[in-house]
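Dear colleague,

Here is the structure I said I would pass on. My notes on it follow below.

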Amino acid sequence: AMSGVFAQTAYFDVAEGDQMPLVTELIPDLTWYGTGGSMTLTLWGQNESSDTPIMYGPYTLTPATKTIPVRARNRQLSFRVDWDAVTGFSSRLGAIRARFAPSGRRP
């Protein structure tokens, strides 16, 4: 079993960076290998580079997880995925898609 395995993105702008989008759903792209394991996804948001990040989650991901309902309203987001340390389990992480809607210009 692998312990302490994770993947984390840098902060990226949602929309064009000048809007305050409301993220309402995450759609993970995962391929599962083995059994008995799960993963956690944590979403971090901030409005400006100097802001203290706000944590959303962690959300548990299993082979049955199709979508993750969230309510995050930030200009910039970052994802972190942590794998369980379970022998005989692993998964491949693809693109994480998000459903969002414009929510104004002010934080």
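A residue is called buried when its relative accessible area is under 20%, exposed when it is over 50%, and partly exposed in between. Arg80 has a relative accessible area of 25%, so it is partly exposed. Please keep in mind that this is a predicted model.

Arg80 also takes part in a salt bridge: its partner is Asp82, with 3.0 Å between the closest N and O atoms. The whole structure holds three salt bridges.

Another of them joins the side chains of Arg99 and Glu25, at 3.2 Å from N to O. This pair links distant parts of the chain, since Arg99 lies in strand 10 (residues 97–102) and Glu25 in strand 3 (residues 21–27), 74 residues apart. Glu25 counts as buried because its relative accessibility is 16%.

A salt bridge also connects the side chains of Arg75 and Glu48 (3.3 Å, N to O). Here both partners sit in loops: Arg75 between strand 7 (68–73) and strand 8 (76–83), Glu48 between strand 5 (39–46) and strand 6 (54–61), with 27 residues separating the pair. Arg75, at 13% relative accessibility, is buried, whereas Glu48, at 41%, is partly exposed.

I also looked at Ser91, which belongs to strand 9 (residues 89–93). Its relative accessibility is 12%, so Ser91 counts as buried. The side chains of Ser91 and Trp83 are joined by a polar contact of 2.6 Å. Leaving aside residues up to four places away in sequence, Ser91 touches Thr31, Trp32, Tyr33, Met39 and Trp83.

Regards

Key
Residues numbered from 1 in each chain as written. Predicted model: local features only at pLDDT ≥ 70, side-chain atom pairs only at ≥ 80, totals over all residues. Heavy atoms only, no water. Helix = DSSP H or I, 4+ residues; strand = E, 2+ residues; numbered from the N terminus. Buried < 20%, exposed > 50% of the residue type's maximum accessible area, 1.4 Å probe, protein only. Polar contact = N/O pair within 3.5 Å; in protein donor to acceptor, adjacent residues only side chain to side chain. Contact = heavy atoms within 4.5 Å. Salt bridge = Lys/Arg side-chain N within 4 Å of Asp/Glu carboxyl O.
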